[in-house]
Amino acid sequence: MSDHLSKSQLSLLLVILIAGGALVGWWLNGGRESRPEEGPIIEGAADPIVAPANLGRPSIPDRESPIARELNSPEGSIEEDLKIVHLCLREFREIVRQGNPVGTNEEITRSLSGRNPRLFAPLPADHSAISPDGELLDRWGTPYFFHQLSADVMKVRSAGPDRIMRTEDDIVQ
């Protein structure tokens with residue numbers, strides 16, 4: 001038997017090495033397929049549209065989302081506020097791609113206000129609905145209660161006007 005590999009054996013070995021390298025890369029990426037960076041959200045559509053990153057606009061980490069502007073607005077309602085909170089959560093899931101933020105109200109608020117791997121802030125860090133302690137407050141100044149049901153589903157509870165959690169006037173979405 002010869003000490004040298006034939007061309008076909010070398011070709012097969014090269015294919016195996018390339019495939020193995022690709023498999024290791026996929027595994028190191030957490031099993032996620034590699035995707036190009038996305039650009040900003042284009043307003044005006046029923047659902048936000050993410051534009052390609054090469055449109056000459058700031059990249060996502062340099063932006064804050066406008067969806068939280070009306071949170072706790074005097075003209076709004078708690079139902080509208082909860083919809084805004086859920087929109088922030090949805091935008092976080094879509095842009096950061098890690099499912100819902102997890103933890104306490106303070107930890108979730110921190111993630112929503114830009115302390116996440118993409119530095120994306122669907123909730124501006126200086127929003128008036130964030131307490132000095134870093135918690136997201138409802139329109140009566142009470143911290144929301146976040147209950148994660150799955151990676152993509154979060155139940156959000158407001159204590160309501162009586163400011164006491166788990167009473168009849170609580171609002172849950």
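Let's start with aromatic pairs: there is one in this structure. By pair I mean rings of Phe, Tyr or Trp, using the six-membered ring for Trp, with centres within 6.5 Å; planes under 30 degrees apart count as stacked, over 60 as edge-to-face, and the rest as tilted. The rings here belong to Tyr 144 and Phe 146, with centres 6.4 Å apart and planes at 55 degrees, so this pair is tilted. Tyr 144 and Phe 146 are both buried, where buried means under 20% relative accessible area, exposed means over 50%, and partly exposed is in between, with a 1.4 Å probe and protein chains only.

A word on what you are looking at. This is a predicted model, in which local features need pLDDT of at least 70 and side-chain atom pairs count only at pLDDT 80 or more, while totals for chains, interfaces and linings use all residues. Residues are numbered from 1 along each chain as its sequence is written, and side-chain values use heavy atoms, with hydrogens and water left out.

Now the overall layout. The protein chain has three helices and five strands, and along the sequence they follow the pattern α-β-β-α-α-β-β-β. These elements are DSSP runs numbered from the N terminus: helices are H or I with at least four residues, strands are E with at least two. Of the 173 residues in the chain, 34% are buried.

On to the sheet. It is open, with three strands in the order E3-E4-E5 and antiparallel pairing; two strands pair if DSSP finds at least two bridges between them. Strand E3 (145–148) and strand E5 (171–172) are the edges, each pairing on one side only. Four bridges join E3 to strand E4, residues 154–158, and the two form a hairpin with five residues between them. Within that pairing, His 147 has Lys 155 as its bridge partner, and Phe 145 stands opposite Arg 157. Arg 157 also has a bridge partner in E5, namely Val 172. E4 and E5 are joined by two bridges. E4 is mostly covered, with four of its five residues buried.

What lies across these three strands? Helix H2, residues 78–96, does, running at about 150 degrees to E4. For that angle, axes are lines fitted to C-alpha atoms, for helices over the stretch in contact, and angles run from 0 to 180 degrees between N-to-C directions.

That brings us to the largest nonpolar core, which has 23 residues. Such a core is a set of buried Ala, Val, Leu, Ile, Met, Phe, Trp, Tyr and Cys residues joined through side-chain atoms within 4.5 Å. H2, helix H3 (105–112) and E4 each give two or more residues, and H2 provides the largest share, with nine. Not counting residues up to four places away in sequence, Leu 123 touches several residues, including Leu 71, Ile 130 and Leu 136; contact means heavy atoms within 4.5 Å.

Last stop: Asn 100, in the loop between H2 and H3. Is Asn 100 buried or exposed? Asn 100 is buried, with a relative accessible area of 5%. A polar atom of its side chain lies 3.5 Å from the backbone oxygen of Val 153. Beyond neighbours within four places in sequence, Asn 100 contacts Phe 92, Gln 148 and Met 154, among others.

Definitions and conventions: A polar contact is a pair of N or O atoms within 3.5 Å; within protein, one must be able to donate a hydrogen and the other to accept it, and residues adjacent in sequence count only if both atoms are side-chain atoms.
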